[in-house]
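Reader: Got a model open here. Can you walk me through the packing?
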Amino acid sequence: MTVKIEQRRVQKNRLLRVNILFFIVFLFFVALIIRLGYVQIVYGEEYKKEVNKTVDMVVSTPVPRGKIYDRNERVIVDNVLVKAITYTRMKGTTPKEMVETAKVLSKMIDIDEENMKERDLKDYWIVTRPDQARNKIKKDELLDETLTDKDRYNRQIERINSQDLKGISKEELKVAAIFTNMNSGYALTPQVIKRNVTDEEFAIIGEHLADLPNVDLSSDWDRLYPHEHIFRSVLGNVSSSSEGLPNSNLEYYLSRGYNRNDRVGKSQLELFYEEILKGQKAKIKHITDQNGNLLETEKISEGQRGRDLVLSIDFELQKLVEQVIQDELSRAKGRNRFLDRAFVVMMNPNTGEVLSMAGKQLVRENGKNMFRDYALGTINSQFEMGSVVKGATILAGLESGAIISDTIFSDEKLNLKGTPLKGSHSTSLGTNGIEGALKKSSNVYMFKTVIGMMGKEYQSGMSLPKKPEAVQEFRNVFSQFGLGVKTGVDLPNESNGLIGKEAYTKPGLFLDLSIGQYDNYTTMQLAQYISTIANGGYRLKPQLVKTIHTPSSTNEIGPVFQAFQPEVLNKITMEDKYLRQVQEGFRQVYQSPGGTAYKYFGGDRRYNESQAAGKTGTAQSFYQDPNTKKTYATYNLTLIGYAPFHNPEVAFSIAVPYLDSDTDPVNKYIGQKILKAYFDLKVD
């Protein structure tokens, strides 16, 4: 009996414990229900939004660049559309999936794999050989928490050797090249896999697009320069898609919204007017889910190709001028061993518009003489220009008071202490005033002028004083005409010329400076100088671009967006009467018997209709043979001028360096022919 009572008591206790356990479970369950209900009611909408959250990404796609026209609206730089195959990498796409797509594509298209970079091959090797790539990382490096995944990847790259890369077969190289192109840009931004796709390739890809995820058929553009050998060095170049942004200015471009593989102007006009020519990119918004899957695409803006440039260059005149240079270089080359280049600039002296900017260099290629465009030499190659600077020398003397309008000097050999006799090109120039000194190109008149600027009057056997302030005063006048300073032409990398320092301490060099045989100037500087004299004393900025135009959807040029007005950089400080004396002296050089250019202009009926004025120049110089490093004495022949004399509409400068002697009038022949070309085109 007692046992039964004890059993009942144990069962009762056990039942109580079970009930308590069930009750506790019930309480937990109720608490969970309440919590879930609370979360659903209070935070349900927020969590629902988080689950359905999407990511918006705006990408920009490139557009063709603006066209470039000459002053008569002839197209000289254009774009040509080409067929292309593109790949858009989605955020969730793995490298392995991209390689699989590349394998399929490799059977459908030809692609150049010869220029694959070693780094690209290593990236491909890691993706296609994961086990071997994993072995490039040590165990302790896997456990090292201070290393990032990027650190480990870089170590893998470093440890892949040439033997590893030899394992990539020739067939794989094509796959690797396609994979590299697919992986070259940003996610959700179309990357060009191949440009200039053949019609057959285009058709095959079109038939198999369903089997090629994220691959599409598209169009791209090439920059077209129809006249490859004319004015080419000034137009510049544009980077390719594979080049993208230049490393030297990477941050600059990225901060302005460029993508790394965008094409930009690399040099000259394409570079200088990059912001104008680049256009407005099309903007597309990609909407993706949290996993990077593309849900929707929305076009934000269509984009617009770059604005067009209309240059001041007359392309027909440019072609004629370049042909003249080539003809004269070919003619004179036989008697001049080192002659290999010549330069011409023609501009409107009243506006600064550059009408022709030409340079040619004679080179030997594949056993033949060929001409290379060297128009850039007009702004970045400087030479001793000779007597063409004598107009500025006269004006410096007049400005300083060293000479006055009616100063007359006898042309004689100067006997200066410690210096060989210095004189003019002839011993029979006689006594001259300003106009006669320019007409006959008297060196002695210039020498005596700068001796006066040093505060002395010439006497036989005298020592020249050191007057650095007089040299600086002299150069200040030259700079008013653009000699020794940048002209401001709208191109990068213009030279200042070459300004020697020793003239400040060696007065004999000051004499050489006065006749153009010390400081070096560019052909563009000479053109600005003669234009300033021609237009009455206004130094104008040389301008290559006349107008900027809004792009048109037709073949017609669009409306003017911006027109460039003549820009006066400075007005010379000399009195007008002084400038008129120099103009008259320049007129006599061309039009008066005894003038150094009279035989070729005023004395030749074929060329005297233009009624030109200007100055000839000859400078003794040196040529260093690039092969032997030997130095040879040579001559630079130059010519400046403008026409017509009473109403100037064209000014020009010519520089022909490295002649064996000064007897070949190549500079004057070029001057004759380019003036004739200019006026003949006006008649046409």
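Predicted model: local features only at pLDDT ≥ 70, side-chain atom pairs only at ≥ 80, totals over all residues.
Reader: Which residues touch the most other members of the largest nonpolar core?
Author: Ile394, Phe481, Tyr529 and Phe586, out of 64 residues in that core. A nonpolar core here is a set of buried Ala, Val, Leu, Ile, Met, Phe, Trp, Tyr and Cys residues joined through side-chain atoms within 4.5 Å. Buried means under 20% relative accessible area (1.4 Å probe, protein chains only).
Reader: Which helix gives the largest share of this core?
Author: Helix H18 (residues 443-453), with seven residues. Helices are DSSP runs of H or I, at least four residues, numbered from the N terminus.
Reader: What is Ile394 in contact with?
Author: Beyond its neighbours within four places in sequence, Ile394 contacts Ile403, Ile434, Leu438, Tyr445, Met446 and Val582. Contact is heavy atoms within 4.5 Å.
Reader: Switching topic. How do H16 and H19 pack?
Author: H16 (residues 390-400) and H19 (residues 468-480) pack at about 120°, axes 9 Å apart. Axes are lines fitted to C-alpha atoms over the stretch in contact, and angles run from 0 to 180 degrees between N-to-C directions.
Reader: Which residues make the contact?
Author: Ala392, Thr393, Leu395, Ala396, Glu399 and Ser400 of H16, with Glu473, Phe474, Val477 and Phe478 of H19.
Reader: And H2 with H8, at what angle do the axes cross?
Author: Roughly 125°, coming within 8 Å.

Definitions and conventions
Residues numbered from 1 in each chain as written. Heavy atoms only, no water. Buried < 20%, exposed > 50% of the residue type's maximum accessible area, 1.4 Å probe, protein only. Helix = DSSP H or I, 4+ residues; strand = E, 2+ residues; numbered from the N terminus.
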